[in-house]
Amino acid sequence: MNPDTRQRLMGVSTATLCTALFKRGLRNQFIQDVRPLNPKLPNMVGEAFTLRYIPAREDLNAITVFQDRNHPQRVAVEQCPPGCVMVFDSRKDARAASAGAILVSRLMVRGAAGVVTDGGFRDSPEIAALGFPAYHNRPSAPTNLTLHQALDINVPVGCGDVAVWPGDVLVGDKEGVFVIPAHLADEVADEAVEMTVFEDFVTEMVQKQGRSILGLYPLPAGWESSLGTFVNRNHAASLLLKAIDYKDESMRMPPKGKLPEASPGQSWSGEFSATVFAEGPDDYNRRDIGELFNRGSAAKQDAMPRSPRDGSQDR
């Protein structure tokens, strides 16, 4: 995975990602009925490495099968690459554990980014105390052999009603786990950062300024398609300042290809087109946006890890 993409996804919420993928026609990417064992941890981000369980058959799943060094569950744990998320397809059956604290500890020591099952983990208090991202449906004490037979390693699986292909990018936060198709990860990460910056602004306007959401959230017609232009990964504030047509004559939009003189503490970067934001919100909201971004509060976002904020448009 692109390191910049990983960094960006560390600072966005699964709610924001749901909206970004919804715009692309993908509506079933949030793994159902899983939750973090330790919700105080930062985001989990990594590419999927999978193990598929099928229903266990008693004559094939005696406790002695674990003596086989080629047992698929053990092999999968030892093969999961550093930086990846181990995904157990447990058929949404939490009556028996998908794994326990020892296997999860091994994944952590080997450098995995996290572990997810749509079933349950045994030793869940110990797993929660590891400081390692782990997501499941609920605690489950019985050994996996009771109901699960490990079969296929790193193949497409279903986890919580979501198709997960090896290499897909998983993002976990305090609400759950989201699956991004691998080929969309870079562009979705960029858009999610942009959405988060804008909605942090909206949150401040609503909570601290008492603003109405009308005319502010969502962006009025003609603006949403330009959202990606007013924030880039390093200079969110400066791009917005360049794009908005202020009532203040000194801050009016410059001619195409020209940049206004930067004020102290500001820096211009990236290409600029005066055709952006040909239509914008009313002047009242225009000034609000300029005020927030002129203070540089969004410039600090630049994709550094941060507490995720709900970025959906339906909260």
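Analyst: Happy to! Gly 172 stands opposite Val 177 in strand S12, and keep in mind that this is a predicted model.

User: What makes S11 and S12 a strand pair?

Analyst: Pairing takes at least two bridges. Strand S11 (residues 169–172) and S12 run antiparallel and are joined by four bridges, so they qualify as a pair. A hairpin of four residues links S11 to S12.

User: Which way do the side chains of S12 point?

Analyst: In strand S12 (residues 177–180), Val 177 and Val 179 point one way, while Phe 178 and Ile 180 point the other way. All of them are buried.

User: Why is Leu 214 called exposed?

Analyst: The label needs over 50% relative accessible area. Leu 214 has 70%, so it counts as exposed. Leu 214 sits in the loop between helix H6 (185–208) and helix H7 (236–243). With Val 206 and Ile 213, Leu 214 forms a nonpolar surface patch whose accessible area is about 290 Å² together.

User: Which residues have the most contacts inside the largest nonpolar core?

Analyst: That core has 23 residues, and Met 86, Phe 88, Leu 107, Val 115 and Phe 121 have the most contacts inside it. Helix H4 (101–109) is among the elements that supply at least two residues each, and H4 gives the largest share, four residues. Beyond its neighbours within four places in sequence, Met 86 is in contact with residues including Phe 49, Leu 107 and Val 115. Another core, of 19 residues, lies apart from this one, with Leu 9 and Val 197 among its members.

Terms used:
Residues are numbered from 1 along each chain as its sequence is written. This is a predicted model: local features need pLDDT of at least 70, side-chain atom pairs count only at pLDDT 80 or more; totals for chains, interfaces and linings use all residues. Side-chain values use heavy atoms; hydrogens and water are left out. Patches are made of residues with over 30% relative accessible area and no salt bridge: like charges are joined within 9 Å, nonpolar side chains (Val, Leu, Ile, Met, Phe, Trp, Tyr) within 5 Å. Accessible areas come from the Shrake-Rupley method with a 1.4 Å probe; for residues, only the protein chains shown count as cover. A salt bridge is a side-chain nitrogen of Lys or Arg within 4 Å of a carboxyl oxygen of Asp or Glu. Buried means under 20% relative accessible area, exposed over 50%, partly exposed in between (1.4 Å probe, protein chains only). A nonpolar core is a set of buried Ala, Val, Leu, Ile, Met, Phe, Trp, Tyr and Cys residues joined through side-chain atoms within 4.5 Å. Contact means heavy atoms within 4.5 Å.
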